[in-house]
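Hi,

Here is the structure I promised to pass on.

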Amino acid sequence: MPAKSSTIVTALTTAAVVVVGVLGYQAAASAPDTLTQTRKDPRHSAPKSPPEHAGKKNKAPAAAPVPPSSGKGRRIVYSLDAKRVWLVGADDKAVRTYPVTPSTVSPPLGAYAVASRSVSVTGSDGIAIEHVVRFAAVEGVTVGFSAAVDGSMPDPGSAKRTGGIRESRTDGKAMWDFALHGTKVVVVS
């Protein structure tokens, strides 16, 4: 018995929708970040409006000062206690500072240099990361700065030994642009 034309049309339409869906997924997965929409990190969004106080001016909080024990010259400073990074120019002034989420493995205090960089890889926790800047190794675990492509931050209570110090995607891009191979990295308490 020959197939009805409506059955053939339905089958062809279904197959076409599946093919278009697969091709759309592949295109979205391979598109560069500049073409895809990113999540906004709420910690970096501008405040809506300052509260009104009679007779008082509202001032933005001062940026955290560069730790005095971090050396001199152009460098990256990472404070374990403050969970913060400073990108410091040759004039010893912070070009940028921002909070980070520490890895489960911390490097010992001291001076290091950027040893390697990767535009994008999969982190040891299985998350796609970008702008990876590595500077130390501790008991076989490589330590470096990175940003999760999906904007997620690692679970600080994880028992898994990881060396990824996570930053937002915006901060990760700033680190990438600043931290060329050999750039000094100073870890302070």
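**What I found**

Of the contacts in the chain with a separation of 6 or more, 51% are between residues 24 or more positions apart, where contact means heavy atoms within 4.5 Å. Before you read on, please note that this is a predicted model, so local features need pLDDT of at least 70 and side-chain atom pairs count only at pLDDT 80 or more, while totals for chains, interfaces and linings use all residues. Numbering starts from 1 along each chain as its sequence is written, and side-chain values use heavy atoms, with hydrogens and water left out.

**The chain as a whole**

The secondary structure comes to 2 helices and 9 strands, and from the N terminus the order is α-β-β-β-β-β-β-β-β-α-β. Helices (H or I, at least four residues) and strands (E, at least two) are DSSP runs, numbered from the N terminus. Buried residues account for 30% of the 189 in the chain; buried means under 20% relative accessible area, exposed over 50%, and partly exposed in between (1.4 Å probe, protein chains only). The chain has an accessible surface of about 12,000 Å², and 60% of that belongs to carbon and sulfur atoms. Those areas come from the Shrake-Rupley method with a 1.4 Å probe, and for residues only the protein chains shown count as cover.

**H2 and the cores**

Helix H2 (residues 169-178) is largely enclosed by the rest of the structure, because 7 of its 10 residues are buried. They are Arg-169, Asp-171, Gly-172, Ala-174, Met-175, Trp-176 and Phe-178. What do they pack against? The partners are strand S1 (75-79), strand S2 (84-88), strand S3 (94-99), S5, S6 and S7.

Met-175 turns up again in the largest nonpolar core, which has 23 residues; Ile-76, Val-85, Leu-87, Phe-135 and Phe-145 join Met-175 as those with the most contacts inside this core. S1, S2, S6, S7, H2 and strand S9 (184-188) each give two or more residues to this core. Another core, of 6 residues, lies apart from it and includes Val-77, Trp-86, Val-186 and Val-188. By nonpolar core I mean a set of buried Ala, Val, Leu, Ile, Met, Phe, Trp, Tyr and Cys residues joined through side-chain atoms within 4.5 Å.

Leaving aside neighbours within four places in sequence, Ile-76 is in contact with residues including Val-85, Leu-87, Phe-145, Met-175, Phe-178 and Ala-179. Ala-179 itself is in the loop between H2 and S9, and at 0% relative accessibility Ala-179 counts as buried. Ala-179 and Arg-74 are 105 residues apart along the chain, with 10.0 Å between their C-alpha atoms.

**The second largest pocket**

This pocket holds about 260 Å³ of space. Of the 20 residues that line the pocket, Gly-123, Ser-124, Ile-129, Thr-142 and Gly-164 are the closest to its centre. Strand S5 (116-122), strand S6 (128-138), strand S7 (141-148) and strand S8 (164-166) each give two or more residues to the lining, and S7 has the largest share, with 6 residues. By class the lining has 7 nonpolar, 9 polar and 4 charged residues.

For the terms: on a 1 Å grid over the protein atoms alone, a pocket is an open set of points where a 1.4 Å probe fits, with protein on both sides within 12 Å along at least five of seven lines, and lining residues have an atom within 4 Å of a point. Grid points are joined across faces, edges and corners, and a volume is the space filled by probe spheres set on the points. Ala, Val, Leu, Ile, Met, Phe, Trp, Tyr, Cys and Pro count as nonpolar, Asp, Glu, Lys and Arg as charged, and the others, Gly among them, as polar.

Gly-123 lies in the loop between S5 and S6 and counts as buried, at 10% relative accessibility.

Most residues other than glycine have a negative phi. Lys-83, in the loop between S1 and S2, has a positive phi of about 50°. Asp-92, in the loop between S2 and S3, has a positive phi of about 65°. Lys-83 is partly exposed at 42% relative accessible area, and Asp-92 is partly exposed at 28%.

Cheers
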